[in-house]
Amino acid sequence: TLLNTISKHWISIILVTTLLLGASVAVTALQPFEYRSTFSLLLIEKNSNLDAFAAAKSAERASLSIGQILYTTSFFDQVKETGLLDPTLFPDDEQERRRAWERQIETRVFPDVGMVKISAYDANQERANTLSYALATVLAKNGADYLGGGRNIVLKVVDAPLTSKTPVRPNVPMNLALGFLVGFGGSVAFHLVQESQRERQGRR
């Protein structure tokens, strides 16, 4: 049984769990701790020729598009042109720059209500807030230009940028919990499989 296996092999289970928990701590400590600044963007269809359902579907499609547009080079260039970004934070190499940009922003789309929640991350709290403000500014001003004939779509910031008071990435509790679960669960499962194999061999 499970309890018998744990009691029989508790030393090795504790050892493996401790090792993986320690590895989780080490990996977490090596990652840069980053703040998050989040704002919400609402997309409203202003075309009077559309009924309520069609207008809602239009806003839904537009929100999905905006959720992808933020990662493009064209959008990055517009944010950079605001003069709010520190240019030294982004590599000159295009591929590395794209990876850095994709890691620094995060989008969560709520298509049913035509809303996009956008988060900016940075190791510096003030820079995270500034990046979030730059994103909101460009989207409110030029976001409709990316929607292809969607000039009737209005992009409105409904929640101003809000920056976390403490770092949120990496997620320390989740990493530690994952390390514990993998270590404990994996070692217990290993011993259960071994016990099962021994029982089958003993019956032969």
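**Notebook: salt bridges, a pocket and a patch**

I began with Glu 195, which forms a salt bridge with Lys 8, with 3.5 Å between the closest N and O atoms. Glu 195 lies in helix H7 and Lys 8 in helix H1 (residues 2–8), so this pair ties together parts that are 187 residues apart in sequence. I noted that this is a predicted model. Glu 195 is buried, at 14% relative accessible area, whereas Lys 8 is exposed, at 55%.

Searching the whole structure, I found 6 salt bridges. One of them joins the side chains of Glu 34 and Arg 103, at 2.8 Å from N to O. Because Glu 34 lies in the loop between H2 and strand E1 (35–45) and Arg 103 in helix H5, the pair ties together parts that are 69 residues apart in sequence. Glu 34 is buried, at 8%, while Arg 103 is partly exposed, at 37%.

I also looked up Arg 127, which forms a salt bridge with Asp 122, the closest N and O atoms being 2.8 Å apart. Through shared partners, salt bridges join Glu 34, Arg 103 and Arg 169 into one network.

Next I asked which residues line the largest pocket. Among them are Glu 34, Arg 103, Asp 122, Arg 127 and Arg 169. This pocket holds about 150 Å³ of space, and its lining has 5 nonpolar, 1 polar and 5 charged residues. Helix H5 gives the most to that lining, with 3 residues.

Last, I looked at the surface, where Val 16, Leu 20, Leu 178 and Val 182 form a nonpolar patch with about 310 Å² of accessible area together. Helices H2 (10–30) and H7 (172–203) each supply at least two residues of the patch.

Definitions and conventions: Residues numbered from 1 in each chain as written. Predicted model: local features only at pLDDT ≥ 70, side-chain atom pairs only at ≥ 80, totals over all residues. Heavy atoms only, no water. Patch = residues over 30% accessible without salt bridge, like charges linked within 9 Å, V, L, I, M, F, W, Y side chains within 5 Å. Areas by Shrake-Rupley, 256 points an atom, 1.4 Å probe, with all protein chains shown as cover. Salt bridge = Lys/Arg side-chain N within 4 Å of Asp/Glu carboxyl O. Helix = DSSP H or I, 4+ residues; strand = E, 2+ residues; numbered from the N terminus. 1 Å grid on protein atoms, 1.4 Å probe; cavity = no way out; pocket = protein on both sides within 12 Å on 5 of 7 lines; lining within 4 Å. Points joined across faces, edges and corners; volume = space filled by probe spheres on them. Nonpolar A, V, L, I, M, F, W, Y, C, P; charged D, E, K, R; others polar. Buried < 20%, exposed > 50% of the residue type's maximum accessible area, 1.4 Å probe, protein only.
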